[in-house]
Amino acid sequence: MAYYQTPLDVTTLSAWQALAQHRLAMQDFSMREAFSQDSERFKEFSLSSSGLFLDYSKNLIDRQTRELLVRLAREAKLQEAIEALFNGELLNASEGRPALHTALRRPVADRLPVNGVNVMPEVHRVLNQMTELVGRIHDGLWRGYSEKPITDVVNIGIGGSFLGPQLVSEALLPFAQRGVRCHYLANIDGSEFHELSASLRAETTLFIVSSKSFSTLETLKNAQAARSWYLAQGGSQADLYKHFIAVSSNREAAVEFGIREENIFPMWDWVGGRYSLWSAIGLPIALAIGMSNFKELLSGAYSMDQHFLTAPFERNMPVLLALLGVWYGNFWGAQSHAILPYDHYLRNITKHLQQLDMESNGKSVRQDGSPVSCDTGPVIWGGVGCNGQHAYHQLLHQGTQLIPADFIVPVVSYNPVADHHQWLYANCLSQSQALMLGKTRAEAEEELRGKCLPEDEVQRLAPHKVIPGNRPSNTLVLERISPRRLGALVAMYEHKVFAQSVIWGINAFDQWGVELGKELGKSVYQRLTGSNEQPAEDASTQGLIDFFRGRHRG
Ligand code: F6P
């Protein structure tokens, strides 16, 4: 039986026990002191890979912490799991599938059998299919019903069929090809459809119905609305194929919707939605930035894959970030993790990582169905800096919770305006510095005395000015955002999430919790619309249904 089918209880491992002891010894650890005592600390706790530089020196760790965390990873058989991931073993045990997003960035010459069939030629065949479509659209050869070239592409999809493509296409705006604008339609909220369609012309718009399952309610409803809108705007049923293409593993449903066979880009069940931007789900990315940039994105991710696969854990970026997450979540009681990009173009990364991390590691049972005996995935939240500094950073600095944070910042801006980028970079660094240094009572008092305040005022105000400090963060620096570096960055987080799932013994690739809401959604809808007059299972839901029905009746 494969080891992941009988996962270890991580809390019983000897490294776990040693970490629990070590945590007690670290109770009074001070990052301030560690930096003043060790001039090598920055060098010791930082590394580069695939165009990314990671400084993890501002953490509640010393060399022994790292040794013990790495020992934990070894005892949890992380290396075996990484190899199993890349070799296509059935790591998604509850769905009986491998998780082979890494195959999507591998060279064609590699061999990777899934159920006895080498998948690499098929992966590259689809890349060629994408190249052809992107070329025809960019060259104005793909024409709409009035023979005009396509100017706007609307990706209709949600979850992984939206967040990854949106992050990347918007982050790589400086690489955008002129002539094609990309839009995203995700939510079932009619206001989103209304606002977007009002800005489009049907004759020059191409819709990509992006749904692995082709059964997701929001996507199907939006696709139907788009089709009705297209017909109402003057498009004909006969020309529908010029305006609707699909990315899906459910060919029959896409054909039934009216999409031509040759315009359906395949997906495979071995690619999870939140790991799918590297597949044809990335079509809007390729349309936005061109196919050669899309391939650069893949090669950046491939470079990170090789790093993850081969670097020793002590020098392995995703593994180290995963272990730091385990350290804070399981030994310091951290419940959430902030992602703070200091770059306008990376503003959507928090949303993508939210799905990637929370849908993957929001689990309470191990691969074999036994309950976990420690906390698993954290709440991922955050947003773009400096805006966050004027909103939620106060809680990071002086709140009662320990919230580790990742700062992400490029050294070079694409849009230098006066000295804005210097200020942006300075703000990023000063936030992690402030989280780490804090302000002691003595410093607060001295500052207040410096303002010539009477002593009783100094004593009254000082507690409010004390900032605990010693709050951990990582800083990820990119020279500037490029397809390669972004590919490496996103792949790094994918691997971080996977490494954590292995340590906790959970399945990062299923999402059964999402299904219950979908099922109940149908039955609530039937009660709202009167096709089921049975009372709801609970009085609260029934009361809210009555509220809606009362309003819509009269
Ligand atoms: O509902 C969650 C989810 O299943 C995600 O995992 C997925 O990315 C999203 O829905 C969209 O699914 P699909 O691509 O099949 O429409």
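How many nonpolar, polar and charged residues does the shell around the ligand have? By class, this shell holds 2 nonpolar, 9 polar and 4 charged residues. Here Ala, Val, Leu, Ile, Met, Phe, Trp, Tyr, Cys and Pro count as nonpolar, Asp, Glu, Lys and Arg as charged, and the others, Gly among them, as polar.

The model is predicted: local features need pLDDT of at least 70, side-chain atom pairs count only at pLDDT 80 or more, and totals for chains, interfaces and linings use all residues. Residues are numbered from 1 along each chain as its sequence is written, and side-chain values use heavy atoms, with hydrogens and water left out.

The ligand is surrounded by 15 residues, each with a heavy atom within 4 Å of the ligand. The closest are Gly160, Ser161, Ser211, Ser213 and Thr216.

| Residue | Part of the residue | Distance to a ligand oxygen |
|---|---|---|
| Gly160 | polar backbone atom | 2.7 Å |
| Thr216 | side-chain N or O atom | 2.5 Å |
| Glu359 | side-chain N or O atom | 2.8 Å |

Taken alone, the ligand exposes 400 Å², and the protein buries 88% of that; these accessible areas come from the Shrake-Rupley method with a 1.4 Å probe. Helix H14 (349-361) and helix H20 (512-528) are the elements that give two or more residues to the shell. Helices are DSSP runs (H or I, at least four residues), numbered from the N terminus.

The chain is assigned domain 1 (10-76 + 311-437 + 471-504), domain 2 (101-295) and domain 3 (514-553), with bounds from an automatic or database domain assignment. Taken over C-alpha atoms, the centres of domain 1 and domain 3 are 42 Å apart.

How values were computed: A polar contact is a pair of N or O atoms within 3.5 Å; within protein, one must be able to donate a hydrogen and the other to accept it, and residues adjacent in sequence count only if both atoms are side-chain atoms.
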